[in-house]
Amino acid sequence: ELGAGERTGLPENLHALCQESARQALVGLGDDAITTLQLAAILGREVDADELERACQQVSVRLRRDVLDRLESAHLLVPTDGGWIFGHAILQESIERTAEERGKLPALHRACADALMASAPARGVARRRALHLVHAGAEVEAIDVLWDAAEEYSQSSEFSAARDVLERREAIMERCKLGAKDVRWGKGWLAAAEVLRAQWQFDQADELARRALEAAVTHGWDDVRAQATATLAQVSRQRGDLDAATSQVRQALALFERVGDAKGLGSCLLVSAMVARQQGNADRAAEFYERARKLFAGLGDRTGEAHCLLGLGHVCRQRQERERGAELYAEASKLYRDLGNQSGLAHCVNGLAELARFAGNDEAAERGYREALAIHEAIGSKAAFISRLNLGLVLASRRKYADARLEFGVVVAQLTDTGQDGYLGIAHTCLMTCA
């Protein structure tokens, strides 16, 4: 899908044909009508009526619904519940090109960017606004908007989109020649490190977090230093180095306390809980999860709350408190669904499947693992191997050995050369038992 201003390159003969179609629809209409149509084309193939009206206001133009009606009559625009869709992408691009030819394109992109500031929070709006700013020549302003877009995509587990936005942001920062002391460099590296960590690309995540940490120490970015240390703690934990994770999270806690970052403190409590759970200390893990949950609730951080509920579900599973565990997974699932966080949802579904397997309900467990695996694969999550490994175990339990071998073989292939030696060893052992 192309964003605003991202063009395919239109063959000249098609461009001429579409221009002629537009001219016929615009006969007898003045500059306001043409500007209305150009703004509609610049906003995108799908045009929201409210956005178009606000964009027209930005350039002191009255929204000409008569011109839109004429294009509808000519089947060049198709009405929708909230606006219109251009009948053909080449028509949209052709109209946008008329604005470029008249030297109006940067000003109209600016109008669209300003119009989107008033849009209700919705998927993709921040990215669209940033692209309009870039094409309006306001690249420096676009940097912070791209940051918002990256956070949005990360929250909804669209990690490839988040990485793409962060790479665009860094390229713009390089073009704008921002100084090395600009803290946005460090924040960008950390955001990218967190995305990579979520994708289980630990070497790259570690490298970027350490780059951010080194720059933070050099330039006195205390908040970045705290967050970089916390990210390194998470990477160490996920690699299985719990001693390093414990040491790093203590350092991060002290740094977050120094800068007064309550959300950062919550994230450290969460890491501490995960470490305790991995060490088999369920009581200590539950204590940390509850403390973090209360802190996140006070901050109105629903994502943080969901993570804590998920963790408490895991603790109940360890304690064999299946009924309470199912309730906690359900609570976390609801929050993750509301937030659009597919990664968290997949872990909840996997947790419920684990409860079913431990209760001896292998059929329900298999369904759950398959559902979790489908969610992971839909978002390109490398954590999919966890559900696949569990699926193999329940298939083996059901004496479906050929199917189990297939799943274990895929896990071995996925984990080879990833540094996940613990999981890889388990997968190899499981594969041998099905031979």
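**Exercise 1. Arg-211**

Is Arg-211 buried, partly exposed or exposed? Determine its class and describe its surroundings.

*Solution.* The model is predicted, so local features need pLDDT of at least 70 and side-chain atom pairs count only at pLDDT 80 or more, while totals for chains, interfaces and linings use all residues. Residues are numbered from 1 along each chain as its sequence is written, and side-chain values use heavy atoms, with hydrogens and water left out.

Step 1. Arg-211 belongs to helix 11; helices (H or I, at least four residues) and strands (E, at least two) are DSSP runs, numbered from the N terminus.

Step 2. The relative accessible area of Arg-211 is 34%, so this residue is partly exposed. Buried means under 20% relative accessible area, exposed over 50%, and partly exposed in between (1.4 Å probe, protein chains only).

Step 3. Apart from neighbours within four places in sequence, Arg-211 is in contact with Glu-170 and Trp-189; contact means heavy atoms within 4.5 Å.

Step 4. The charged end of Arg-211 sits over the ring of Trp-189, 5.2 Å from the ring centre. The criterion is that NZ of Lys or CZ of Arg is within 6 Å of the ring centre and within 35 degrees of the ring normal.

**Exercise 2. Asp-206**

*Solution.* Step 1. With a relative accessible area of 12%, Asp-206 is buried.

Step 1. Leaving aside neighbours within four places in sequence, Asp-206 is in contact with Leu-232, Val-235 and Arg-239.

**Exercise 3. The sheet and helix 3**

Describe the open sheet of three strands and the placement of helix 3 (residues 49–58).

*Solution.* Step 1. The strand order is 1-3-2, with antiparallel pairing; two strands pair if DSSP finds at least two bridges between them. Strand 1 (46–48) and strand 2 (77–79) are the edge strands, each pairing on one side only. From one strand to the next, the twist averages 25°.

Step 1. Strand 1 pairs with strand 3 (residues 83–86) in the antiparallel sense over three bridges. Gly-83 in strand 3 is the bridge partner of Asp-48.

Step 2. Helix 3 lies across strand 1 and strand 3, at about 70° to strand 1. Axes are lines fitted to C-alpha atoms, for helices over the stretch in contact, and angles run from 0 to 180 degrees between N-to-C directions.

Step 3. Ala-49, Glu-51, Leu-52, Ala-55 and Cys-56 of helix 3 are buried. Seen down the helix axis, the buried residues of helix 3 fall within an arc of 160°, so they line one face; the arc is that of the directions from the helix axis to the C-beta atoms.

Step 4. Among the elements covering these residues are helix 2 (31–43), helix 6 (105–117) and helix 7 (125–135).

**Exercise 4. An aromatic pair**

Classify the ring pair of Trp-200 and Phe-385.

*Solution.* Step 1. Rings of Phe, Tyr and Trp (its six-membered ring) pair if their centres lie within 6.5 Å; planes under 30 degrees apart count as stacked, over 60 as edge-to-face and the rest as tilted. The structure holds five aromatic pairs.

Step 1. The ring centres of Trp-200 and Phe-385 are 5.1 Å apart and the planes stand at 90°, so the pair is edge-to-face.

Step 2. The pair links distant parts of the chain, 185 residues apart: Trp-200 lies in the loop between helix 10 (183–198) and helix 11 (202–219), and Phe-385 in helix 20 (residues 384–397).

Step 3. Both Trp-200 and Phe-385 are buried. Together with Phe-202 and Tyr-423, Trp-200 and Phe-385 form one aromatic cluster.
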